[in-house]
Amino acid sequence: MAFPQNETAIIKAFGDRFRSDANPEVYRAPGRVNLIGEHTDYNLGYVFPIALEMACYVAISPSGDGTLHAYSEDFQAGFDIPVDTLLNCRPRKDWSDYVVGVAQELLKQDVRIEGANMLICSQVPIGSGLSSSAALEVSTAVALLGSQSLQPLEIAKLAQRAESQFAGMPCGIMDQYAAVFGKEGAAIQIDCRSLTHEYVPLPDAASIIAVNSLVKHELGSSAYRERVTECRAAVQDIQKIDSSVESLRDVTPEFFVQVQESISPLPRQRARHIVYETHRVVEFAAAAQAHNLQEMGKLFLASHRSMQYDYEISCEEIDFLVDTAIDLPGVYGARMTGGGFGGCTVNLVAPASVAEFANRLSSAYERRYGMRPIFYDCKPAAGAGRVNERA
């Protein structure tokens, strides 16, 4: 399906779908690429994402019949649920869970939801590690809110609850936070404990290029849950030595060296990634502010090796993309981004080298795996909102 490329096309698609001449409101929420800080969010550490120009769009207008009619162009599927039964809905284990879960969370916040027609169109590729689910959740939230008021942080938190509690993925808050608080021209350094953030301008001398491996191994969702459990186990072992430790965020690299032998072997591996990855975020932000691209690139690669060997969430195709990229001219660094087991890499590339980087990496990947990866030029974008108010 060709994605409607502008507001006019989305409104036309809405009219065709619902056979309506209504002029819907159109809302968007961006995907995100995480530059560094992987799996640190549910350990209450730091993360460093940018919101993307690629976004999920929701066109919405009143239905007048007390029913929520939602249709996804991406999945070519829809549902119809009476509004007064939304709180009784149970997960269906498909895309609709993100919409229904958000609607339930809004109702719990005393937000009024009336019958509506909703057309959902997303540019964020599913399974790419660019957070298509959070883009859907947050765009749904702002569309259902309409003119009603809710603090931006509350939107991010309720969208996270929709995914973790209703859809059943025990995620941290980074994706939803980035979708709400994104800013043009800057990354967001998020403190996942205090739920505060700083905007960090990025050097102009490097392009951020995401590369979609076009693979997503099924192990991903189950392994994600396992990593959450393993991190908790590491905390429990450390608490036997220092009861003040509430999460791996509380463990400095120096303290980890002191206590690591007291942690069970597998949780120790996972904890090592989280402890040093949180520290790398702080170092990366400082390097970005100093325009030190070489240091930024080194931190990228150190992060990837940690995910590859300690957290064990990479895969053959992703490792190939990283290992090939770092030997190409003009590439400062490369790493996996997202939950793992496929999806995308993110690369820091000198702007003048982007074309050669894409050609050579694409050719190498196709020779090895018979697929041509997809390249995305990632520019930091604004967070969620109504489209015609941003024009």
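**Close-up views of a predicted model**

View 1. Helix 11 (residues 354-369) lies across strand 8, strand 9, strand 10 and strand 11, running at about 15° to strand 8. Contact here means heavy atoms within 4.5 Å; angles, from 0 to 180 degrees, are taken between N-to-C directions of axes fitted to C-alpha atoms, for helices over the stretch in contact. Helices (H or I, at least four residues) and strands (E, at least two) are DSSP runs, numbered from the N terminus. This is a predicted model, in which local features need pLDDT of at least 70 and side-chain atom pairs count only at pLDDT 80 or more, while totals for chains, interfaces and linings use all residues. Residues are numbered from 1 along each chain as its sequence is written, and side-chain values use heavy atoms, leaving out hydrogens and water.

**View 2. The open sheet in the order 9-10-8-11.** Its four strands pair in antiparallel fashion; pairing requires at least two DSSP bridges between two strands. Strand 9 (331-337) and strand 11 (374-377) each have a single partner strand, so one side of each is left without a neighbour in the sheet. Further in, seven bridges join strand 8 (residues 207-216) to strand 10 (residues 342-349), and Lys216 stands opposite Gly342.

**View 3. The hairpin of strand 3 and strand 4.** Six bridges link these antiparallel strands, with Tyr71 partnering Gly78. Four residues lie between the strands, and Gln76 takes a positive phi near 50°.

**View 4. Asn117 in strand 5.** Asn117 counts as buried (under 20% relative accessible area, with exposed over 50% and partly exposed in between; 1.4 Å probe, protein chains only), because its relative accessibility is 11%. Its contacts beyond four places in sequence include Phe14, Ser61 and His69.
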